Amino acid sequence: MKRVCMLLWREWRENRWFLYAGLLLLLIIPAVGLRPVPLSSPDPYAASNHMVGVRQIADITCAFAVILGGLLAVVVGVAAGCRDMRGRVSDFWRSRPVTLGSWLSARYLAGLATVLVATSVPLLAVWVLLLVAEPIMNYSGGYACANGILAYVVPHAALLALIYSLAMLLGVLVRRPSHAAILAIAAALMVYFLPILVPPLGTLNFWNFIENPRDTPVAVLPVRETAKAVLDRFRGLTFRGWFLGASDDGLAFMAAAAGLSAATLAAMVLSARRQWRVRMNQKLIVWSLGGVTLLLFATMAFQLRSNLDAQLRTPVQPPGAEARRRVVDIHASASRGVLVLCDNEVMPFQNTVFYTAAAFEISGDQLKLGPEIPLGEEEPWYQGGRAAGTVAWSARRPDRLYQLLRRYEKVEHIDANGRKWSAGGKCLEMSLRTLALDSNPPGRVVHTLDLMPHDDGFHCFTPLVLMGDRLYVRGPLIKGDHLRSVRCLVIDLADANRPQRIATVDMAPDAWPDWYDLGPSLTIPLPELPDLSPQERFAVMIALRGKTDHPDAWDGNLMASISGDRASVATHRVTFEGNAVHIALLGERRSTPLESRVGRFGDCSAIRGRYFYATTHSLSTGVTVFDVSDPTRPRRAAFYAAGPDWSMPMVVLDDGRILLGGNELHVIKPVPGG
Amino acid sequence: MWRQLIWKEWREQRWRLAFGCVLFGGFALIGLSTRMMPDADVIILALIFGAPLMALLASMAPLAGEREEGTLPMLLALPVAPWKILLVKTLMAAAVCLAPLAAVLLVALVVAGNREGTTSELLLGHGLAAAFALMLLVWSLALGARMATEARAALVAIAIVALWAISFYVHVLVLYPFLRDSGNRALLALGMVHPLGVFYIPAETLWAFALWIAVHATVMTALWFWAARRWTRLGGRAA
């Protein structure tokens, strides 16, 4: 025991500077951001503003711990592995009355304790700080929140133990610090990133714990209730919550990491006992690193590869336009339709844009564009103002374009918790314009229909859907601070030049669920839209949802949806029971760790035959196609890379071709074999 | 004697050339074939990492490697002028720098020629990367001519890249508003003094390109001759 203590004392003397450096980086430097905080304020948002210092400390400490913790483990591990392992010093130690196992174990444990204390103590300190501060702050979330830290502090320690073990093994094998450090960094990168690239290794994917799974909103409390809230939070933590991040993934991860660390430790003792040594030279190191890099990149590339080709890919500049345009919406049937365009240099939804429209026809590899039709200006929705970019077109009336014009003011409400929320804008004016595409010049206003309801409270976020001979406009009806109903206006187009509002359908708010994730099954009432079968009413409902960032699709047979976190695709069976529709989950396909790391599904989707199409924002935005011929097992079938872009509208034609908007217009060939 | 010198350098450096071609050519091939990201991104990544990395690898070995291995006195004892030895080393190091970039260009032309970008854009990008690699090589050789080990020579190259990057950032912050908007030729000419100034030339200013080439070709030549005077020193005394 005395010998072990002496060995540990000696290792402490060697490692203490690493500990001091780690604590300095992770504890002292972030504390520089701490600012004086007033602990009470009548305005709950003032308190959150003054707590910026705490937020800054948490962000910096957590980022340093995750990024620099691995580096510290490498440095300490290599130092522990190389120190006293060469030449006469090694012989000296081996001649001492201590076994090799106890000598290496003491060294291993001392270094491991250094790494874990240097990284975990700052994290736990920040955790306590956030436990106290979060009830006062108006925001909690991300990996730098109390719940987030608790989710990964222990798995992070297990990860660092694994990296430290690998670094020490490499130090013992190579016996040259610089070479061992390079190899240890490569090994650490493999530990961090290989589980993302290779799905079967997903158990070892540490980044799962960095995600924001526990974004539990914390109510803003007056200070006198803060102490009670803090104590309640402590009491509420179970044993698993304290030590394992309250997740089964944490158990599996730590078991795997512990097993690998133990195997590495055994290999290290064996190699030291048998004097195994790997003689590295520059050539071997360089080729090894290069090979690992290429292997990782190839693994990543073949998971994310693009295997669809474009029949046509062209910038859009209508005749007479002074610059290229951005395609923000597409209405198409066969090879013709209408494009909604805006200035390519301006980002909609964040800036005021001027929308235009242009008729188009695709002939072979050529795009023919008609003259531009001015639609009007649109301000960002959160500012209030005008909205002019919503149009509808169909092949049944190819020479008519229907435009929804609105003017609205921004309205904010305060809920019971004192939080502000906005239902968009309260309509001040709303009308439907009928534009002629066959006039000279095109875009002559043929008819204007006033759509303002007689009672106020109609709020915007109004999608416009044209189906058959009817137009449907939907929006929430809010009076005071409450959502009273969801209103749907039905407009008849029997006379294409004189649309008429024929019905106003009000539904209870829960009759039109704003679901993001459908769950295993769901039964909802259908809107009472006149002259439509249940299937047709459901189709209208899905189409209207698709216009408000809920990318579901239904082809009359199978329904497919994208989850709220935009990371998975699900298929559903739809059955109709009287005036209700029952939606039951059939199958789901979650993004692999790599896919979810590099991107998410977008806002547009469509289903045609055996394929479900979803726009994707990834390293390269584009379209992902899923084969849903077996609805219980959707599988990724194809991907088209459109290049750097964002918010791309998509339409799938009946022949399988895909029209994709954005900076250019892409006409993508059908999926092979489809 | 030239042939023997070339043969010696080729034997010593060929693995670096092969490594660069395999790594960066493979990267470009995989990235452009799978199209997981835009073609321009793949090529830019290959060039951004390839140019400095190959210049670093190529500059480590010629002079510092000889010192570290202890073969420098024997090399200098050969009946050939030291500047010829340095010239052969420099040319072989340049080949090590440029061959991987050429591999990337070849792959890009074959796999992605005129797909998302034009051939002239590809050639321009590769030309700039090659120029950057050669500049870094010559600067590293000159400043690291007396380094005793390859690791130290590599640190010299890394320090040069870091200094260029930081100074270019400051250069951009200070001069950019004037460069872009004023059209002031004197200011634009001043910007060409920086090794990375070429990346900030406004379009259609061919004279600025020519000035940048002339300035840095002159600087590189001067540095090379300076290195030729210095590299033969053995542990504090001239050979």
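Of the 674 residues of chain A, 40% count as buried, a residue being buried if 20 or more other C-beta atoms, placed from the backbone, lie within 10 Å of its own. The model is predicted: local features need pLDDT of at least 70, side-chain atom pairs count only at pLDDT 80 or more, and totals for chains, interfaces and linings use all residues. Residues are numbered from 1 along each chain as its sequence is written, with chains lettered from A and ligands numbered from 1 in the order in which they are written.

Chain A holds 13 helices and 26 strands, taken as DSSP runs (helices H or I, at least four residues; strands E, at least two) numbered from the N terminus. Within chain A, strand 17 (residues 558-562) and strand 18 (residues 568-577) pair in the antiparallel sense over 5 bridges; A:His572 in strand 18 is the bridge partner of A:Met559.

In chain B, helix 1 (residues 2-34) packs with helix 4 (residues 82-112) at an angle of about 20°, their axes 8 Å apart. Axes are lines fitted to C-alpha atoms, for helices over the stretch in contact, and angles run from 0 to 180 degrees between N-to-C directions. Helix 1 of chain B is therefore roughly parallel to helix 4 of chain B, a term for angles under 35 degrees.

Conventions. Buried ≥ 20, exposed ≤ 12 C-beta atoms within 10 Å, placed from the backbone. Pairing = 2+ DSSP bridges. Parallel < 35°, antiparallel > 145°, perpendicular 65-115°, else oblique.
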